[in-house]
Amino acid sequence: MDTFDYRRPASVREALRLVAGHPDAAFVAGGTDLVTLLRDRVRTPGRLVDINGLPLDGLRWSRDGVRIGALCRNAVDDPRLAAAYPVLVRALRSGASPQIRNRATFGGNLLQGVRCPYFRLPEFACNRRDPGAGCAAAGGDGRLLGIFGTSAACVAVHPSDCAVALVALDATVVVEGTRGTRRIPVGDLHRLPGDTPHEEHALRPGELVVAVEVPARPFAARSTYVKFRERASYAFALASAAVAVHSEHGVVRDARICLGGVAPKPWRAHAAERALRGERLDAATVEAAAEAATAGARPRPDNAYKVELVRGVVRRALTELGEK
Amino acid sequence: MAIGRPLNRVEAREKVTGAARYTADARLPGMVYAALVGSAVSAGRVRAIDTTRAEAAPGVLAVLTHLNRPQWHGTPDALRYQETRFPLADEHIHHHGQYLAMVVAGTREQAAHAADLVAVDYETRPAVPTLDAALPDAHQPVWRFEPEFPTLLAIGDPEAMLAAADVRIEREYRTPYYSHAPMEPHATLAHWAGGSLTVYTTSQHVHGDRPVIAGALGVPPDRVRVISSLVGGAFGNKTAVWGPTLLAAVAARQVGRPVQLVVTRKQVFTCHGHQPPILQRLRVGANRDGTLQAIVHHTVNGTPVLFDRPEGAISPTGTVYALRSVGVRVEVARMHMPTPATMRTPGDGPGMFAVGSALDELSYELGIDPVELRRRNHLAAHPLERKPWSGKQLLECYDEGARRFGWERRAPRPRMMRDGGDWVGFGMSSAQRLEHHGPARAVVEIRDDGTAEVRTSTQEIGTGNLTTLTQVAAGGTGIEPDRIGFRSGDTTLPESSPTYGSRTTGSTGTAVHLAALRARQVAARLAIADARSPLHGLPEERIGAAHGRLYDVDAPRRGETYRELLRRNGRRSIVEQGFHDLAGRDPRFSYATFGAHFTEVRIDDTLRRVRVTRHVGVFAVGRVLNPKTARNQAQGGIVYALGGALMEELTADPVTGRFIAPALTDYHVPVNADVGEIDVSFVEEPDYGAHPLGAKGLGEVVAVGVHASIANAVYHAIGIRVRDLPITPDKLVAGPR
């Protein structure tokens, strides 16, 4: 671990001031990911701004939905949240371990690093960690890596379960910067790697995530999250699906299907959503949507099995909703 | 009677309250900390190493590299050191993670930080990263020390018998790199005082470590004391001295202060061993009635580039089933890997996966029930020693296991059992492990306050041995277990057998048993000779002992306590030694432990992951000293092997061979939710031929055969035969739906 300057501001304004003009500064909240990256020297910030003292936790409900403070812990236990947004609470509960959920925050969850072993081991070349260095994963073991949205420069997957659910809910992150407040749809927060995998997200330098806003949508309450992994608990997704469906008179009017564990960002399966609209949620529709969810997949031989897993998680999630 | 009671662990309270002290908890005044720099490349050499920044970092006391390290003494071979090369020997790099430098600093953080500042200029060479890449190098191994098993053997004419057999199968099985993945990383605290060295270290064998440490550091063994308190998981990887122990001692001498060296979690995966990948080719021939005619077993395992280290996966091949002929060939192939280590169920674990899977495959070819096929090939005598097995209740284990499991509900063919969306499958396997033993010494002291103490160097590695050995001492002396103290894990104590190879119960247990009996005998004779004793003049065989009291077995109210006896005679204590002698066994028999595993798996057809929902294990291990610790150890062994069957794999990068999952986040061991119902029972019959207590080793046989039992259940459920462990979801997506 390298040495760094540690600060603990008392206000958002002070936090923003502490990072302004310090391109090597980083915010830390729960630290469940960043601390391991610091320890392994994957991240080497010169200044660490600890935002745990800021008043950014708690849920605020309104007619339009809920605003979740960026420092709200992943162990959030709120019956109203579970009723209004089942997919979100299930995604949170499927992630990590109770100890980590007690510590990890919403903002940190969204901005955690990718789960590519080559990214996390500095002995290997990684374009995301070290622009232009090359990608050891390209010729390496790719069983856990992406099948959608990858590039020659990067094949990593984003590990967040929470972000996948938030994309399915049309959620927005609220960010504060010295130039004011912005809102970014969670679906646009993470960038596809292309030729610049080190540009990981849409935040501008010095901006801080202060909240997540989840709107009230007709499909939100009929939603679920299916996560498939190598062991029963405490593992990242090999593939997951956040699915939300709104039907009227038995016909699907609107739907969201977002995949996790298979792409560098939460992967919206638009083709699968189209396969549902205007249809009854019967076995044939489920099958068509599960197949459509794999559209655009570009697997390698060692992760081709994930294509079948995508069908599986979408099929399972839609079947579960169809039974409701 | 203390033996056979389900006593709680004697150290349970300390462990659950956090009061237990492990090696990394040891503290000495003025102690400082060391950290290791590992190689970023898998093969090559250090062209240059720049330590100036590290030396200038806050708190740094010393930075050692191959250029400035103190001279080692002795040679690795003469000292029987685990590796052929002492740490920091020279500039050559033979595996990733190899130590290139050690930093000593005032705090652990300062040491870790300075270690990051050591700059290495590498000359990199291409690595042999995988077993497949190494296969062209496959060769018959040269043993460093005495051979542990035959690497080339033929009994009868296996080729001719195979050719003549009614049915033949030929299959290839693979096991991956497995990590011992102990919770407790290797830890050492070394302290010099007046030319004597005290080493607190994580060890399964303190007396075995001492001569190696002393030899490498050039001091007489009697100037070295090795202490190993509670060990937080070992599974074989603490059986030998590793580099960090030697380096901590070197550092402590260099800086003149006690030095603690605890390896990082990442280094757990490269610094103290793993099981290398093993490829096994099996050819099995049988007649239509199921009688086995021949097995030809050829294995190749990865070995480090510097020396040959064969794995004994052929261990079960010739000794588990009745065979008319056997052929084995063991080869090794050089890879750029860190040094492997023996791992719980060495040989038998991977070997029984292959043999137990092949028997299952054969059962379908022949249309014979897997249990029945094993019964028909039951082996009554050890085929090489040509002696009958002692205490072989394997047929009873099959019967009891099948009954408890409900084996009769098994459908005869795969893909016939469904429950909703789940495929259901039943599998089974035999279990066997030869009963190893070694010399062991222990002392039992009966004191004039009515208490006793056991002293032997054994280490508590999590098995419950301090508890069972206390019970043994209680049984021998007639003093209640809660009045018996224990001193262990220290070379100042009599040398126990090492705590590996399932030896503690048989070997150290016998030493404690004999010491306890002798102490009691001395007390009894003291009473008989003492005119003031109520037992005066009685024949020795009439004197019993219970509840801290000697008594007349014909008139139990006649007697006196040890306390009364010793105080009246002015004796502070009686101290007697027990010795387990290798000649102590009945030579007419061969010895092993046996068992049978039965597994139910369920596999959701949509999202195929294997869930072990029920597992029944029945074992014949002689007498069970403590049903609670025994069941716990059996359950632990089954879970351990379940991990190896379904998820554990130390994935290596296919280009460099570097392990890419060096963390417990990524190296998956089972979590609680992965473990279904485990039913453990014993066919209990004391084996007095093996040891005077009638008890045999338990820690390994319980895990042997589990891999095959699970893989066989997977095939039965879904019709997919996975011969390449672990059985991860990617291996189940193909195939019929």
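**Architecture of chains A and B in the predicted model**

Over residues 1-219 of chain A, the chain is 25% helix and 18% strand, and its end C-alpha atoms are 46 Å apart; helices (H or I, at least four residues) and strands (E, at least two) are DSSP runs, numbered from the N terminus. The model is predicted: local features need pLDDT of at least 70 and side-chain atom pairs count only at pLDDT 80 or more, while totals for chains, interfaces and linings use all residues. Residues are numbered from 1 along each chain as its sequence is written, and chains are lettered from A and ligands numbered from 1 in the order in which they are written. An unreviewed UniProt entry places the feature "domain: FAD-binding PCMH-type" at residues 1-219 of chain A; UniProt positions are given in the numbering used here, feature names are shortened, and annotations may be inferred rather than shown by experiment.

Chain A also holds an open sheet of four strands, ordered β9-β10-β11-β12, with antiparallel pairing. Two strands are taken to pair if DSSP finds at least two bridges between them. The edges of the sheet are formed by β9 (223-228) and β12 (267-268) of chain A, each of which pairs on one side only. Nine bridges join strand β10 (residues 239-248) of chain A to strand β11 (residues 251-260) of chain A in the antiparallel sense, and His246(A) has Asp254(A) in β11(A) as its bridge partner. Helix α12 (residues 305-322) of chain A lies across β9, β10 and β11 of chain A and runs at about 35° to β10(A). For such values, axes are lines fitted to C-alpha atoms, for helices over the stretch in contact, and angles run from 0 to 180 degrees between N-to-C directions.

In total, 25 residues of chain A are in contact with 24 residues of chain B, contact requiring that the C-beta atoms of two residues, placed from the backbone, lie within 7 Å. The largest share of the side of chain A that touches chain B, six residues, comes from α12(A). By class, this side of chain A has 10 nonpolar, five polar and 10 charged residues; Ala, Val, Leu, Ile, Met, Phe, Trp, Tyr, Cys and Pro count as nonpolar, Asp, Glu, Lys and Arg as charged, and the others, Gly among them, as polar.

In chain B, seven strands form an open sheet of mixed pairing in the order β3-β5-β1-β12-β9-β10-β11. Its edge strands, β3 and β11 (224-227) of chain B, each pair on one side only, and neighbouring strands are turned by 20° against each other on average, direction ignored. Strand β9 (residues 187-193) of chain B and strand β12 (residues 259-262) of chain B run antiparallel and are joined by four bridges, with Ala187(B) opposite Val262(B) in β12(B). Helix α3 (residues 108-116) of chain B packs on this sheet, where it touches β1 (32-38), β3 and β5 (99-105) of chain B, and its direction makes about 25° with that of β1(B). Helix α6(B) lies across β10 (196-201) and β11 of chain B, at about 140° to β11(B).

Helix α6 (residues 206-217) of chain B also packs against helix α7 (residues 243-255) of chain B, at an angle of about 50° and with the axes 10 Å apart. The two helices are therefore oblique to each other; angles under 35 degrees count as roughly parallel, over 145 as roughly antiparallel, 65 to 115 as roughly perpendicular and the rest as oblique. Ile213(B), Ala216(B) and Leu217(B) in α6(B) meet Thr245(B), Leu246(B) and Ala249(B) in α7(B), a contact of five nonpolar, one polar and no charged residues.

The axes of helix α15 (residues 627-646) of chain B and helix α16 (residues 706-718) of chain B come within 8 Å and cross at roughly 55°, which makes α15(B) oblique to α16(B). The residues of this contact divide into eight nonpolar, two polar and no charged. Helix α9 (residues 348-366) of chain B packs with α16(B) at an angle of about 35°, the axes being 7 Å apart. By class, the contact of α9(B) with α16(B) has five nonpolar, six polar and one charged residues. In the segment after α16 of chain B lies Pro726(B); the peptide bond from Leu725(B) to Pro726(B) is cis, with omega near -5°.
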